[in-house]
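Please look over the sequence and the structure shown here before reading on. The report that follows goes through some local features in turn, beginning with the aromatic rings.

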Amino acid sequence: MTRNSEIARAVRRTLILSAVATAGANLPIHAQDQPAQPPPTVQTVTVTGSRIVAPNQTSISPVTVLSGEDIVNTGRTRVEDVLNQLPQIFGSQNSGVSNGANGTALVNLRNLDSKRTLVLINGRRLGPGDPSGGFARNTYGADVNMIPETLIERVDVLTGGASSVYGADAVAGVVNFVMNTHFEGIKVQGSYGFYDHDNHNAVNSILTNSIPPINVPGNVHSGFSKDVSFVLGMNTPDNKGNATFFATYRNIAPILQAPFDYSGCTLSSGDTFACGGSSTSGPPNSGGRFNLITNPTLGTTGPSQTIGPGGSLVPYTAANAYNFGALNYFQRPDERYTAGAFIHYEVNEHADVYNELMFMRDDTTSQIAPSGAFYGGNPFDPNANGALTVNCGNPFLSAAELGAWCGGATAGNAQLLIGRRNVEGGNRQQQLTHNDYRVVIGSRGDINDAWKYDVFGQYGQIELGSIYLNDVSWSNVQNSLLVDNVNGVPTCQSVTSGADARCVPWNIFTPGGVTPAATNYLAIPLLAKGTVTERVVNANVTGDLGKYGLQMPTAKAGLIVNAGFEYRQEKSDFEPDFAFINNLGAGQGGATLPIAGQYSVREGFLEARMPLLEDMPLAKELAAEAGYRYSSYSLNFKTNTYKFGLEWSPLEDVRLRGTFQRAVRVPNVGELFSPTQVALDGVTDPCAGPAPTLTLAQCQRTGVTPAQYGQIDSNPVSQYNGFIGGNPNLKPETAITKSVGISFTPTFADGLRVSVDYFDINIESAIQNPNADFTLINCASTGNPLTCGRIHRSNNGSLWTSPAGFVNDQLVNIGSISTRGVDIDSAYRLRLGEMGRLGNMGRLNFSFVGTYTDKGAVSPQPGATYECSGFYGGICQAPLPKWRHVFKTTWDTPVQGLDVSLTWRYFDSVKLDSSAPGLEFLGGAYAAAAGTAGPPATDLHLSSISYIDMSAGYQYDKYNVRVGVNNLTDKDPPINGSTTCPAGPCNGNTWPVVYDVAGRYLYVMLTAEF
């Protein structure tokens, strides 16, 4: 039986289960004593995915709804954590990212990157959340830290392009936060929670047997969180208006990786796991790594050595690698304040004036291992080898060091590749502060009995402040290694010359020789600030042309249209300091460059909905929908987007729908205006290592000489340089999105709802990197001069030991990105009293949301396509399970006010991307990095995993208490080694953006409403 057929059978079984026992969102908590329901009323609503205001309107596009009650029941205090439980949403920037964090919380719908997901508040845009990025994957998008969880009425998640309705960026879909803007009374809510974990992973024995041994506690309590919110809402005396005010405070403690057995050391990939780490080492593992540059022109080196007792030199081995990962945060500390108001007043039927005011301040700190003189990383080496200069007269050199590096002579200098952690200086920390403001002012109302209008202006601003601590300065490192004996006192040459009177010698040549004064001298703070602003003006009208007789004779309602104009301006300005810009920070991996730019767009849009048949045989309803938007950008390009949709209800119980849409995404400010630079980018060099995976002839095409073949070091953590950055010549990318679905709400099974939707999204002329890894393979295989011209090797043939080696991987419009699959959304409520002998046992509510992702393909270059659905790794990045689901059961007990919920979250297994179609070449690269005969056995797959969450709530009068535990059984996350663990989304030998990494989460929440 094939894997796909197994999944299909599992889906069918789940559908059967859902049809028997599933219940939906938005159901009342208590089953008993429900008042008799009045007959259905005609409600005028606007649905997500359309601007048309119509009676009893339903979305023609597939929409998954998460109610405010569902959110509260999870016990989670971060909106992104709640959303990431939905199988349509994948990991992005969140609290689990430490190396590469920008402090935001982004939404990544369909794993198409957060920049292709449009986030709305009450149907209006939430602007970009950070000015510092945009060109890197999953660093750009709206920051949902802005959203006050306590006021969320529901969240609508719409799949597929919606650019004709909302404008650019809605390629993967839309996430619309519908807020409670009509609250009346006082609501006070507070919650407290923490993680609890018992260390019981099989890798525990690896820790205790490592040198030196690593000991972790038997039990870990961490990540303590506190959240308090206050809401005050009041209606005007004439009940024509409402003002809802809110204020919230959240404080979350950090979670360090060191106490957990599966992240207590940086695991090396291989046939079996072992504790590994970075070759830029230091105490207690070693005295650092040193290689003499024997030929600066060719970049050839002597053997790798480390400092032994008494300044002796001993061979550097894998046991000397530095355990950097344990010092990273699994969860960043976070302190957030929000405040604001939603106000509206109906002056008359022609003017309902509204105002939204929102403010957020968020402070968070990322932490990674200490900085230092990173091996081969000095960007100021005149020979472009990344080396540092040590004078042979340095009084700290031992006889062994002097003999090995200077031939025993005290005159002249030695060029060394040095990898020495500044352990004495502490861990690197980046303090990130965001102050966000959002204001909306508008008016809506009736023009006459056929036409309505809505006019609003919107302004948003995000202010970033960043302080990076405990990094070291490359120039100070170099100065501190050029030391003379002046009257018996080791003195920096820069002090003697007057070039730098502050210099303090850095004695890394003698164990225990580093002084606090030297550590202070090396330290360099790095500062940055930035601002993003968004301005929107929108005016639109909705007309019921049926009032003028424009309707089909076979329908009861007529043509409804919406037309309007929108102006939007986005401006970003990111200002790093001199040290950032000039790559002075040794622990940065490259320069952090300023970004400044803006663009504006003027748009006109039209949308129409036409009922074709109503209350006819085999046509309870048949309606068509269409939309068009024309956009003119200040960047000298214009776009056209459109949609067509059809829905058909042959019976009242069945509704079929289908859409075809053309969406666009314009390049953001970061993609357009980010300066280019050499920084970490690729994950493989197939010509590196003692046994390259490519032949000599193939490697020669990539710039390797016969003398270098087999002599180029491979990077142990699969990080290689790329020439990356923005491109002012970028054009919009376009997407064709299709969806077909069926919704079944049988009258013979009261409370049952089942929806199945197929989605297909294909992005052409995608804004992406050509992909450095594919560039290397393409060049080696074809010798294409255009492709090979992107490869620039350093003197020693390396693509990582110095900035002189890199692959040009600048953003361009190239290739395509596509995904397709099936969503299942079902619900059922079952009154146990209707089952005979069970009597009055309350009610069971079941809900089920599942997604099968059949395709997740990327074509980074013409003729090159790879598949990521069901895979993970260096290129596919975070796991993309083919199947995910959330199945929730809630029992509204016969005890008045008491409910109990049980939730099953499931993630399918994934394989290493070296076995993915189109990525087979990665097998040799991973093998070379891990030192194995083939792809490392430790990383070949990540097992499927199920999480069980449980909660119980009790409502007494105006008070509610809810207690719960997520990951009830304390499941460990799936783990993989460093070879297949790209920095950022992979952290602590696992993927915090996907899996629960800190054990079970226990919480209590108290709510009082008056």
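## Aromatic rings

Rings of Phe, Tyr and Trp, the last taken by its six-membered ring, are counted as a pair if their centres lie within 6.5 Å. In this structure, which is a predicted model, Phe846, Phe848, Trp883 and Phe887 form one aromatic cluster. A search of the whole structure finds 29 aromatic pairs. One of them joins Tyr642 and Phe644, whose ring centres are 5.8 Å apart and whose planes stand at 50°, so this pair is described as tilted. Tyr642 is partly exposed, at 26% relative accessibility, and Phe644 also counts as partly exposed, at 49%. Another pair, formed by Tyr1001 and Tyr1003, is stacked, with 6.1 Å from centre to centre and 25° between the planes; both Tyr1001 and Tyr1003 are buried.

The charged end of Arg289 sits over the ring of Tyr375, at 4.0 Å from its centre, while Arg444 lies over the face of Tyr354, 4.3 Å from the ring centre.

## Salt bridges

The count for this model comes to 41 salt bridges. In one of them Arg125 is paired with Asp169, and the closest N and O atoms are 3.4 Å apart. Arg125 belongs to strand β7 (residues 124–125), whereas Asp169 lies in the loop between α4 (163–166) and β9 (173–179), so the pair ties together parts that are 44 residues apart in sequence. Arg125 is buried, at 8% relative accessibility, and Asp169 counts as buried at 11%.

A salt bridge with an N to O distance of 2.8 Å is formed by the side chains of Lys643 and Glu625. Since Lys643 lies in strand β34 (residues 638–651) and Glu625 in strand β33 (residues 619–633), the pair ties together parts that are 18 residues apart in sequence. Lys643 is buried at 5% relative accessibility, and Glu625 is buried at 6%. The side chains of Arg843 and Asp892 meet in a salt bridge as well, at 3.5 Å from N to O. This pair links distant parts of the chain, with Arg843 in strand β45 (residues 843–861) and Asp892 in strand β48, 49 residues apart; Arg843 and Asp892 are both buried. Salt bridges that share partners join Glu607, Arg609, Glu621, Glu625, Lys643, Glu647 and Arg655 into one network.

## A nonpolar surface patch

On the surface, a nonpolar patch is formed by Ile186, Val188, Phe230, Val895, Tyr954, Tyr956, Tyr959 and Phe1010, which together have about 750 Å² of accessible area. At least two residues of the patch are supplied by each of β10 (185–198) and β52 (945–956). Tyr959, one of the patch residues, is found in strand β53 (residues 959–966) and counts as partly exposed, at 43% relative accessibility.

## An enclosed helix

Helix α15 (residues 922–930) has seven of its nine residues buried, so it is largely enclosed by the rest of the structure. The buried residues of α15 are Leu922, Gly923, Ala925, Tyr926, Ala927, Ala929 and Ala930, and they pack against β50 (910–912). After α15 comes Gly931, whose phi is positive, near 70°.

## Loops and backbone angles

Most residues other than glycine have a negative phi, and most peptide bonds are trans. Against this background, Gln877, which is not a glycine, has a positive phi of about 70°. Gln877 lies in the loop between β47 (871–872) and β48 (883–892), and it is buried, with a relative accessible area of 18%. Asn989, which is not a glycine, has a positive phi of about 65°; Asn989 is placed in the loop between β53 and β54 (1000–1009), where it counts as buried at 5% relative accessibility. A cis peptide bond, with omega at about 5°, joins Pro283 and Pro284, and Pro284 is found in the loop between β15 (274–275) and β16 (289–295).

A further loop residue is Asn583, which has its place between α10 (578–581) and β32 (595–616). At 15% relative accessibility Asn583 counts as buried. When its neighbours within four places in sequence are left aside, Asn583 is in contact with Pro379, Phe380, Trp474, Gly590 and Ala591.

How values were computed: Residues numbered from 1 in each chain as written. Predicted model: local features only at pLDDT ≥ 70, side-chain atom pairs only at ≥ 80, totals over all residues. Heavy atoms only, no water. Phe/Tyr/Trp six-rings, centres within 6.5 Å; stacked < 30°, edge-to-face > 60°. Buried < 20%, exposed > 50% of the residue type's maximum accessible area, 1.4 Å probe, protein only. Lys NZ or Arg CZ within 6 Å of the ring centre and 35° of its normal. Helix = DSSP H or I, 4+ residues; strand = E, 2+ residues; numbered from the N terminus. Contact = heavy atoms within 4.5 Å. Patch = residues over 30% accessible without salt bridge, like charges linked within 9 Å, V, L, I, M, F, W, Y side chains within 5 Å. Areas by Shrake-Rupley, 256 points an atom, 1.4 Å probe, with all protein chains shown as cover. Salt bridge = Lys/Arg side-chain N within 4 Å of Asp/Glu carboxyl O.
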